[in-house]
Amino acid sequence: MKEQRDLSFWKLWNLSFGFFGVQIAYALQSSQVSRIFSTIGADPHDLSYFWILPPLMGLIVQPIVGSASDNTWNRFGRRLPYLLVGAIIAITVMCFLPNAGSLGLGISHPIIFGLIMLMLLDTSINMAMQPFKMLVGDMVNEKQKGLAYSMQSFLCNAGSVVGYVAPFVLAWFLSNTAPSGQVPPTVTWAFYLGAIILALCVIYTFAKVKEMPPHEYALFHGIDEKKESACKKENIFRLLVKAPKVFWTVGVVQFFCWAAFLYMWTYSTDAVALQAFDAPSMKAISGISINGDNYNEKYIFNSDRPVIENGRLALAGIEIDGKFTRPKTVIIEGDTLIKDYIPVSENGIEKINVAGGIIAHAGSVLMIDGERITIDKKATAVSELSLLEPGVELTMAHIATKNDASGKYELEQISTLPAIISPASIELNYRTVLNPATPQYQNAGDWNGILLAIQGIAAVFWAIVLAGVKRRKAGYSLSLLIGAVGFISVFFIQNQYLLFISYALMGCAWAAMLSMPFTILTNALSGGNIGTYLGLFNCTITVPQIAAALCGGAILSCFPPATNGAPLTVGMLVVSGILLLVGAACVWIIKETSGTKKQ
């Protein structure tokens, strides 16, 4: 086995530079996806479930990519072809995902489309990210691996900062609000710019990085190519059985760390909106209950009129001085209250109780279908639900689209609800959630990006500190402990600027998670199956995320609601802190080793 020579600074830099572009995409996913889903109508209790598909795909794809790249040698390289494929998919998806709510899709389709895009985005990002970790294992000697992974951590966090702050910076030039159910231009253009930067980074990597040819790789890694050829016949499961103990012990720590950060990515926007921006809540109506039977659909119709439309009671009209009328438009003091029987909000905040509330008192002047009317007593909003008579049958629509020409809804997959014995037998099914259409919520979404950027910047500096730490386990455990304090402190802070401290502390844990596990593991591996083992090791990232996602909604339901009735999402960050405390303790079961035989 020939000793690998030290690489120059710039060669180490080039090996990891593409991580900068990949991490911009990852940062946008981490900070903006829950915001996107909330904006297009997802319930906070369901948010964690949306994060199951991405790691599930990673669990399947990453070991396959690792194993396949171990056996790939062509004119593009060994690991780089997988970077190219992953990047192309990621760039494409980044152009579609933020438009999930504005493509003219049916009622439930935006969320389904968004789920598919999220699955593809996470899979492709990981597919593009994995080659950079493998390149360090392939081309860097053991002495320089700590430096190489720390440099990778630096570029990773630098890319994160760019991705996190992009929506906030773009808010100086673009609108940060959008029609209900659509993503603001600030978020959409952040994804577009991230896709462009990712493309440029991939081009740079292909121009600057040349992988070792097979014979040179075998020479530097002490591989007998004939024996190695026979060894490669071993399948993934046999390699997993033969994995060194450090593979499993580091994996235990990884479980608690990645579960903690999954909850942060899922609930951070809502937690910040709740804690520091006082975002208003709203009642998200999912359907109705008739005589105890639940019909939880977004759109429910009486004839061709919506009773419940996209999670809201539909207005039938107004009652003015005791007389009911069905106007097309009602305007008071310049604000449109009724438009096409649907309540219109100012700055995303509902101004009327659509179940039947007072919208104007005596002396108020309304413009009703262009006619000026002065109110003698009062004007009250009347919902379609309140007008139902006994014996009326409702139509439940799973999918409905509005015909622009006729103004009516075209229904698909419809079914008829049972005859109503009495209107009193109807109850609304709803949950109180933060209103994602409000400027407070969207500003909190931008600020969440700034906070995550602070986390990334802190991680950059902490990674430099970790690079000089000789006792890796002590540095690893301390970093996770500091991060746990950061997570838990969010519960006690209500000032948006003081949250900088909390997220900076989280950054210490993030820096350790990005460098320490791979340094410890790759130092315990040698031979031609490094890529396969790193692919398998990715399961220690995906499995905890799947487990955390499955439990997220149930854990959130255990917390009492916030003062405004919305879910206490900040409690999930406390759970993250507790998970990191357990991870910090588990670091001490790791026994570091050096790879002395082929794995």
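Valine 330 has its place in strand S8, which covers residues 329–332, in what is a predicted model. With a relative accessible area of 0%, valine 330 is buried, and beyond the residues up to four places away in sequence it touches Ile318, Asp335, Thr336, Leu337, Ile338, Leu366, Met367 and Ile368. The C-alpha atom of valine 330 lies 9.0 Å from that of glycine 317, a residue 13 places away in sequence.

When contacts between residues at least 6 apart in sequence are considered, 78% of them join residues that are at least 24 apart.

Aspartate 369 is found in the loop between strand S12 (365–368) and strand S13 (371–374), and although it is not a glycine, its phi is positive, at about 50 degrees. Aspartate 278 counts as exposed, because its relative accessibility is 64%.

The helices can be taken up next, starting with individual residues. Methionine 117 is found in helix H5 and is buried, with a relative accessible area of 10%. Residues up to four places away in sequence aside, methionine 117 touches Val93, Phe96 and Leu97; the C-alpha atoms of methionine 117 and methionine 94, 23 residues apart in sequence, are 8.3 Å apart in space. Leucine 155 belongs to helix H6 and counts as buried, because its relative accessibility is 2%. Here the sequence separation is 137 residues, for the C-alpha atom of leucine 155 is 8.4 Å from that of glycine 18, and leucine 155 also touches Trp13, Ser16, Phe17 and Phe20, again not counting residues up to four places away in sequence.

The buried residues of H7 include Thr186, Val187, Phe191, Gly194, Leu198, Cys201 and Thr205. Helix H17 (residues 570–586), with 17 residues, reaches 25 Å from its first C-alpha to its last, which is close to the 24 Å expected at 1.5 Å a residue. H17 is mostly covered, with 12 of its 17 residues buried, among them Val570, Met572, Leu573, Val575, Leu579, Leu580 and Cys586.

In soluble globular proteins, nonpolar side chains tend to be buried together. The largest nonpolar core of this model has 135 residues, of which Phe37, Phe261, Tyr476, Leu480, Tyr503, Trp510 and Leu580 touch the most other members. Helix H11 (residues 245–276) gives the most to this core, with 20 residues. The surroundings of one of these residues can be followed in detail: leaving aside its neighbours within four places in sequence, phenylalanine 37 is in contact with Ala42, Leu47, Phe50, Ile111, Gly114, Leu115 and Leu118.

At least two lining residues come from each of helix H1 (9–39), helix H5 (109–139), helix H6 (142–170), helix H14 (499–522) and helix H16 (539–558). Sorted by class, the lining of the largest cavity consists of 11 nonpolar, 7 polar and 2 charged residues.

Methods:
Residues are numbered from 1 along each chain as its sequence is written. This is a predicted model: local features need pLDDT of at least 70, side-chain atom pairs count only at pLDDT 80 or more; totals for chains, interfaces and linings use all residues. Side-chain values use heavy atoms; hydrogens and water are left out. Helices (H or I, at least four residues) and strands (E, at least two) are DSSP runs, numbered from the N terminus. Ala, Val, Leu, Ile, Met, Phe, Trp, Tyr, Cys and Pro count as nonpolar, Asp, Glu, Lys and Arg as charged, and the others, Gly among them, as polar. A nonpolar core is a set of buried Ala, Val, Leu, Ile, Met, Phe, Trp, Tyr and Cys residues joined through side-chain atoms within 4.5 Å. Buried means under 20% relative accessible area, exposed over 50%, partly exposed in between (1.4 Å probe, protein chains only). Contact means heavy atoms within 4.5 Å. The expected span of a helix is 1.5 Å times one less than its number of residues.
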